[in-house]
Amino acid sequence: MKKTYLLVILLSAVLFSCKKDKDEQPTNPTPSPYTIVSTDFANAGDTILLNVDTTITQTLSLASGQNITWDYTVLSSERIDSVIFYNPANTPGAQYFTGKSNIAMQPEQGQPLYFYLNKSSDKIEGVGIWANFQGSELHPEFTDRPIMVKFPANYNATLKDSSSLSAIVDLGSNQYGKLEMKQYFDVLYDATGTVNLPNNKTYKCLREKRIEINKTNVFVGMTPNGPWVPVQSNIDTTYSYNYFAKNKKWNVVSIIVNNFTTNTIKEISYIKE
């Protein structure tokens, strides 16, 4: 049971399907040199390296508005993470997403999990997921594709959306997992300005202020029709500030805080160039 429980929890971290019930476009966006478009984001074959710092003791500015200067030159680096964008044809789930996806990502390097995306001139959307656990393949497609980013992105633009999933997973040995998951996000592009990073790196950025709420219920059963025994119910909220620059393919800075009231910084990742 413990093995089954851990497997279902791991799947719940990456399997979600989007059903949009609210998708707002801004009424008064402000186009500027900070406008982010599709060509500013990565394509298949790109790799982004990120320094990660979780030992921040200084008070750093998180000011919003236009023409702000953020001085993050005091940041250090505990480790280096990588974000790899694959050609879907070179991934294990290629046969299931041919002609549907033009980018694939691995949420956790080394894990048999891939997230398939489709990037176009006006958005980046999720297509599906491939996973392999103990020889069993899963390759669900999203029935209503989640929009991850809309283009162009401008100062004062907003986007709200929600997603949901109800999936049955065959775990083998007459065991099944049922996942019920809902995700909500609320985005505001609340600032523009200049970010100063270590090693004399400077970027002109558009900043995204994002809240993500994930509600997950996990059940196990002996048949695909139940009855189901609940094993976990969880609500996780993430508050982040993400700074995007022209032609940098990913956010050049991402700051995770405890909430938007006290803004206590938990982790900062920033581009390694």
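**Salt bridges and nonpolar cores**

Asp 190 is buried, at 8% relative accessible area (buried means under 20% relative accessible area, exposed over 50%, and partly exposed in between, with a 1.4 Å probe and protein chains only). The model is a predicted one, so local features need pLDDT of at least 70 and side-chain atom pairs count only at pLDDT 80 or more, while totals for chains, interfaces and linings use all residues. Residues are numbered from 1 along each chain as its sequence is written, and side-chain values use heavy atoms, with hydrogens and water left out.

Back to Asp 190: its salt-bridge partner is Arg 207, with the closest N and O atoms 2.7 Å apart (a salt bridge is a side-chain nitrogen of Lys or Arg within 4 Å of a carboxyl oxygen of Asp or Glu). This pair ties together distant parts of the chain, as Asp 190 sits in strand S10 and Arg 207 in strand S11 (residues 201-221), 17 residues apart. Strands here are DSSP runs (E, at least two residues), numbered from the N terminus. Arg 207 is buried too, with a relative accessible area of 0%.

Strand S10 also supplies Asp 186. That residue pairs with Lys 160, the closest N and O atoms being 3.8 Å apart. Again distant parts of the chain are linked, with Lys 160 lying in strand S9 (residues 158-172), 26 residues from Asp 186. Both ends are partly exposed, Asp 186 at 31% relative accessible area and Lys 160 at 28%.

A further bridge joins Glu 273 and Lys 248, whose closest N and O atoms are 3.0 Å apart. Glu 273 is in the segment after strand S14 (265-271), and Lys 248 is in the loop between strand S12 (229-245) and strand S13 (251-257), 25 residues apart. Glu 273 counts as exposed at 52%, whereas Lys 248 is partly exposed at 24%. Over the whole structure, the search turns up 12 salt bridges. Arg 79, Asp 81 and Glu 267 are linked in a salt-bridge network.

Turning to the nonpolar side, the largest core has 50 residues, and those touching the most other members include Tyr 72, Leu 197, Tyr 243 and Ile 268. (A nonpolar core is a set of buried Ala, Val, Leu, Ile, Met, Phe, Trp, Tyr and Cys residues joined through side-chain atoms within 4.5 Å.) Strand S10 (residues 175-197) gives the most to this core, with six residues. A second, separate core has seven residues, among them Ala 131, Val 169, Leu 171 and Leu 179.

Conventions
Helix = DSSP H or I, 4+ residues; strand = E, 2+ residues; numbered from the N terminus.
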